[in-house]
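Here is my note on the model you asked about. Have the sequence and the 3D view open side by side, and take the points one at a time.

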Amino acid sequence: TPRRLTDLLQASSPKSFSPLVTIRPGKSQPLFVFHGVGGNVVELQRFGRLIETDHPVIAVQAKGVDGTGEPLDRLEQMVDFYLPALRARQPHGPYYLAGYSGGGLRAMEIARRLQAEGESIASLIFIDTFAHQDTFPKSARQIVRLRTVLHAFRTMPPHRAVRFTLARLRGRGGPINRAGQLIASNPVAASATALRKVYDAANVALLHYRPTPYAGGIVFLRARTSIFPIAPRRIW
């Protein structure tokens with residue numbers, strides 16, 4: 001009933017915002033999985049249920065998704081915000097880190113910072129993770145641009161696909177992604193001002209981020225169907 005739901009929400013409301021959300025309990029060191037461009041971690045819930053591991057699975061959500069704080073628009077700021085929470089949950093390594101989409105970039109920068117502090121990284125996992133297209137090799141950028149336009153004509157009404165294509169030719173607009181499509185096409189989601197601000201800030205962070213070499217191994221998990229259907233080695 002609405003009354004029982006209200007009681008549950010009031011009983012479980014945290015006194016302060018935490019970026020850490022446990023989506024699967026377990027033993028030993030946790031696997032931290034960082035959010036994508038949308039900032040929230042609801043989309044990681046099924047991943048947490050399906051993954052076969054004894055480790056706890058803890059999703060890392062963006063500052064601002066609850067509407068109580070300003071979103072962060074630089075990856076360096078995000079690392080400063082997430083790292084104390086991670087170290088409070090697990091003071092020392094080895095650390096298991098993963099990230100979905102742009103979350104992989106956040107995981108990599110966390111790993112880099114932890115290494116600088118003398119900690120070890122047990123694993124770093126990218127789940128369809130890429131930096132901004134401006135950082136791609138030229139051939140990969142052209143392939144992605146073409147496939148993004150084809151994707152637009154398959155998934156958008158013709159008039160919107162034409163406008164999108166013209167914007168791409170003029171150098172405006174980023175790659176289509178599911179979070180952006182959801183917010184653009186869903187009036188309820190579009191009215192969620194906090195989530196929109198988080199999404200916009202994440203895109204600004206992506207625009208300003210330039211990856212540098214990481215001293216360690218990376219496992220890349222590639223979706224069967226992706227907006228970037230290129231072998232990751234051609235980009236990374």
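**Notes on the model**

1. Leucine 5 has its place in helix α1 (residues 2-12).

2. Before going further, a word on what you are looking at. This is a predicted model, in which local features need pLDDT of at least 70 and side-chain atom pairs count only at pLDDT 80 or more, while totals for chains, interfaces and linings use all residues. Residues are numbered from 1 along each chain as its sequence is written, and side-chain values use heavy atoms, leaving out hydrogens and water.

3. Now the overall picture. The protein has ten helices and six strands; helices (H or I, at least four residues) and strands (E, at least two) are DSSP runs, numbered from the N terminus. Of its 236 residues, 39% count as buried, where buried means under 20% relative accessible area, exposed over 50%, and partly exposed in between (1.4 Å probe, protein chains only). The accessible surface comes to about 13500 Å², and 56% of that belongs to carbon and sulfur atoms. These areas come from the Shrake-Rupley method with a 1.4 Å probe; for residues, only the protein chains shown count as cover.

4. Next, please find strand β5 (residues 121-127), where six of the seven residues are buried. Strand β4 (residues 95-100) pairs with β5 in the parallel sense over six bridges; two strands pair if DSSP finds at least two bridges between them. Tyrosine 95 stands opposite isoleucine 121, and leucine 97 stands opposite leucine 124.

5. Follow the sheet to its other pairings. β5 also runs parallel to strand β6 (residues 219-221), joined by three bridges, and there isoleucine 127 has leucine 221 as its bridge partner. Four bridges join β2 to β4, again in parallel, with phenylalanine 32 opposite leucine 97.

6. Some backbone details deserve a look. A cis peptide bond, with omega about 10°, joins glycine 93 and proline 94, and proline 94 is in the loop between α3 (75-89) and β4. Serine 28, in the loop between β1 (20-24) and β2 (31-34), has a positive phi near 60° although it is not glycine.

7. Is aspartate 128 buried or exposed? Aspartate 128 is buried, with a relative accessible area of 15%. This residue lies in the loop between β5 and α5 (138-155), and its phi is near 50°, a positive value in a residue other than glycine.

8. Finally, compare threonine 193, which lies in helix α9 (residues 193-208). Threonine 193 counts as exposed because its relative accessible area is 53%. Its C-alpha atom is separated by 8.1 Å from that of glycine 67, 126 residues apart along the chain.
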